[in-house]
Amino acid sequence: MIRINLLPYWEKEKKEDLRRQLMILAGSAVIILLIISTLYIYMTWSVSSLEAQFKTLDERSKVLAKEVGNVEAYLKDKKELEKKLSIINELDRNRLFAVQLFMEMSSVTPVNDVWLKSVIQNGERLRLEGYARDNTAVARLMSNIESSGFLKGADLVVSQLAEIEKVPVQHFILESSISGNFK
């Protein structure tokens with residue numbers, strides 16, 4: 001038996017074209033879905049990776065913030081210690097100053113002619129107040145102070161006649177500077 005196709009051949013081609021187009025469309029849709037799902041998976045992985053990095057960096061920044069606080073506390077403590085050490089060093093340098101001052105004062109003061117009432121130090125200045133037998137003793141004291149290596153210069157501030165137990169004496173006030181080589 002012979003079979004005869006009564007359908008025109010162009011309709012068969014149309015169906016074939018339609019089927020091909022549907023296959024291409026379905027294949028394209030599958031490929032697009034694969035691309036989109038791949039991108040979605042990649043983005044999800046990237047976001048989770050970045051979140052993990054952010055969490056790690058955040059924890060690290062907290063640790064570093066603590067360390068910065070520790071460093072600042074250390075620097076503050078160091079500064080306080082350096083200040084205390086400088087005070088201790090200054091005290092150590094000046095611990096013999098009073099002894100040297102009184103030794104020098106005893107060596108420049110004329111014995112039995114001058115009596116010191118007070119010695120007041122104010123920074124580099126020294127103020128001497130006392131009594132002397134006469135103006136000559138005061139002048140000798142000033143001369144001894146000027147020739148001293150510990151003191152430099154002697155300025156007479158006050159020199160006036162006074163009485164101690166009905167004995168006339170010379171009341172005096174001298175000012176001098178402390179030499180830098182004994183500080």
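Let me begin with a definition: helices (H or I, at least four residues) and strands (E, at least two) are DSSP runs, numbered from the N terminus. What you see is a predicted model, in which local features need pLDDT of at least 70 and side-chain atom pairs count only at pLDDT 80 or more, while totals for chains, interfaces and linings use all residues. Residues are numbered from 1 along each chain as its sequence is written, and side-chain values use heavy atoms, with hydrogens and water left out.

I will start with His-171, which sits in strand β4, residues 167-178. Is this residue buried or exposed? His-171 is buried, because its relative accessible area is 10%, and buried here means under 20%, exposed over 50%, and partly exposed in between, with a 1.4 Å probe and protein chains only. Leaving aside neighbours within four places in sequence, His-171 is in contact, meaning heavy atoms within 4.5 Å, with Glu-129, Gly-130, Tyr-131, Val-158, Ser-159, Gln-160 and Ala-162.

Let us turn to the loop between β3, residues 151-164, and β4, where Glu-165 is placed; Lys-166 lies in the loop between β3 and β4 as well. Glu-165, although not a glycine, has a positive phi of about 50°, and Lys-166, also not a glycine, has a positive phi of about 65°. For background, most residues other than glycine have a negative phi. Glu-165 counts as exposed because its relative accessibility is 76%, and Lys-166 is exposed with a relative accessible area of 74%.

Finally, Leu-25 lies in helix α1, residues 9-94, and it counts as exposed, at 57% relative accessibility.
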